[in-house]
Amino acid sequence: MRLNNQEVNYTPSGTRADRKAQRRVNGKEPRRERGRSQSTEERERLTDRERVFGDWGSRDAQSLWGPHRLRPAPHRASTLTFAAAYPFITESGLGHEGTYIGTDVFGSGAFSYDPWILYDKGIISGPSIVVIGTVGTGKSMCGKSLVARSITLGRKAAVASDPKGEWVGVAKAVGGKVISVGPGRAARVNPLDAGPRPSSLSDTQWQAVVRQRRRQLLVALVSLMRQGTPLHPVEHTALDMALMETTAENTTPTLPMVLDHLLNPSKETLDLVGKEGGVAVSHSLRRTVSGDLEGMFDAPSTVAFDADAPMMVMDTSALIGASEQALSLAAACSATWLEAAVTNPDGGKRLVVYDEGWRMLADPYMLAKMSEQWRLARTYGIANLLIMHKVADLNEIGDSTSGHRQKALGLLTEADTRIIYRQKHDAMRLTKEALGLTEAECDHVENLPKGVGLWKVGNRSFIVANRVTTDELEVFGTDDRMHL
């Protein structure tokens with residue numbers, strides 16, 4: 001083999017150290033080794049800029065020299081593990097728009113809520129709200145905070161029935177009006193009032209709406225007196241004829257007028273139903289005129305629903321101690337009168353409050369009215385607010401096969417905003433099934449302190465501490481007599 005003009009250096013065999021030493025002599029040490037062979041004095045003389053070589057950093061010993069752009073492989077984990085790995089990631093919240101409620105316990109930020117704003121954003125599909133909590137957990141304080149503060153933002157409110165008089169002080173504090181009905185009270189409410197007429201309805205359409213509303217109330221009153229027994233066809237005819245004749249003679253009919261036509265039927269009515277056709281109906285309706293409800297709903301209204309008032313409250317606390325039938329009759333009359341006003345689409349956005357909701361859900365007529373308002377809430381521009389103690393209260397309505405109970409349970413499940421305050425352990429199973437709670441949410445609900453609730457808004461959940469001022473506490477509080 002012949003090599004021209006080339007110098008060949010032969011590295012003899014030996015140990016690794018010997019070969020390394022030979023390469024140093026030959027001047028063929030790798031770049032890495034030459035960098036390492038720099039003396040300490042030479043490295044100290046180098047500036048920081050001279051030690052850095054682009055993205056790879058310094059080439060000094062133990063400097064982790066290499067590219068700084070890390071591309072770790074993707075990792076899959078469950079939400080439980082992910083939460084432990086990233087403990088500082090929290091829910092972003094619903095935004096600042098709406099009524100200030102309090103503090104998001106986990107997010108540590110302000111929590112605001114407005115059903116109409118959230119509906120516009122697509123977070124909820126309906127404006128109805130359910131608040132559930134045992135006695136002393138803060139559910140009433142939450143409802144009053146939401147209502148009173150929403151009024152300051154331009155919303156309005158109406159309380160269909162205030163059986164304990166708790167909303168009277170709230171209405172007065174926000175400049176609203178209170179209508180108190182009951183034995184010995186001066187106010188008279190005519191449940192057959194037509195109410196304000198929506199601008200979108202023609203004369204014929206409006207007359208049909210009023211006639212249907214009045215007919216439903218009369219049928220409900222008679223059915224309540226009969227413990228839910230439905231009317232016979234001939235009795236329906238007798239009641240319709242009495243209402244039609246009363247309306248023909250009076251622009252503002254009252255219950256005594258309808259009763260008079262039932263007791264003294266016209267010849268045309270007698271030809272249709274006979275002498276006994278309307279007798280049983282008249283005796284059932286008589287209690288609203290001369291029984292324990294006398295002087296409440298048996299005359300033209302002496303008060304009017306003020307659609308411009310920020311808040312209207314129907315105070316029925318004077319009926320405390322009355323029979324269940326009397327309470328149901330009063331609730332039916334009050335709700336029908338109030339419904340004629342709040343369901344006017346021209347009345348603006350309004351919160352309609354149903355306190356002590358378990359009692360209203362147990363009433364077939366009230367349940368039917370509430371179901372209608374739940375379905376048409378977006379049309380009317382209202383947000384229903386139902387307040388009750390626990391889901392287990394529905395057991396008093398009927399068993400799991402009861403159609404009435406299933407309809408009442410449907411109102412809870414259809415509410416897109418569910419606010420749950422502390423519940424006892426034995427009530428959690430029904431609460432979990434009815435409101436769609438997770439196991440983690442159930443654990444939180446059982447141990448929530450007073451004034452803190454679980455808010456399920458659409459598909460999102462928050463633990464919210466309700467914050468109230470000293471002035472609000474004086475108005476919203478319901479346990480003043482318990483303090484020394």
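Is Arg23 buried, exposed or partly exposed? Arg23 is partly exposed, because its relative accessible area is 37%, and the cut-offs are under 20% for buried, over 50% for exposed and in between for partly exposed, with a 1.4 Å probe and protein chains only.

A word on the source. This is a predicted model, in which local features need pLDDT of at least 70, side-chain atom pairs count only at pLDDT 80 or more, and totals for chains, interfaces and linings use all residues. Residues are numbered from 1 along each chain as its sequence is written, and side-chain values use heavy atoms, with hydrogens and water left out.

Back to Arg23. It sits in helix α1, residues 16-26; helices are DSSP runs of H or I with at least four residues, strands are runs of E with at least two, and both are numbered from the N terminus. Arg16, Arg19, Arg23 and Arg24 gather on the surface in a patch of positive charge. Such a patch takes residues with over 30% relative accessible area and no salt bridge, like charges being joined within 9 Å. A salt bridge here is a side-chain nitrogen of Lys or Arg within 4 Å of a carboxyl oxygen of Asp or Glu. The place of an Arg charge is taken as CZ.

Next, the aromatics. How many aromatic pairs does a search of the whole structure find? The search finds three. Phe111 and Trp455 are edge-to-face, because their ring centres are 5.1 Å apart and their planes at 65 degrees. Phe111 is in strand β2 (residues 110-113) and Trp455 in strand β10 (residues 452-457), so to speak distant parts of the chain, 344 residues apart. Phe111 counts as buried at 3% relative accessibility, and Trp455 counts as buried at 0%.

Phe111 also pairs with Phe462; that pair is tilted, with 5.3 Å centre to centre and 55 degrees between the planes. Phe462 lies in strand β11 (residues 460-466), 351 residues from Phe111, and is buried at 2%. For the terms: rings of Phe, Tyr and Trp (its six-membered ring) pair if their centres lie within 6.5 Å, and planes under 30 degrees apart count as stacked, over 60 as edge-to-face and the rest as tilted. Phe111, Tyr113, Trp455 and Phe462 form one aromatic cluster.

Last, Pro198. Its place is the loop between β5 (177-180) and α9 (203-225), and Pro198 is buried at 10% relative accessible area. Pro198 and Ala341 are 143 residues apart in sequence, and 9.6 Å apart in space, C-alpha to C-alpha.

Methods:
Patches are made of residues with over 30% relative accessible area and no salt bridge: like charges are joined within 9 Å, nonpolar side chains (Val, Leu, Ile, Met, Phe, Trp, Tyr) within 5 Å. Accessible areas come from the Shrake-Rupley method with a 1.4 Å probe; for residues, only the protein chains shown count as cover. Lys and Arg count as positive and Asp and Glu as negative; His and the chain ends are not counted.
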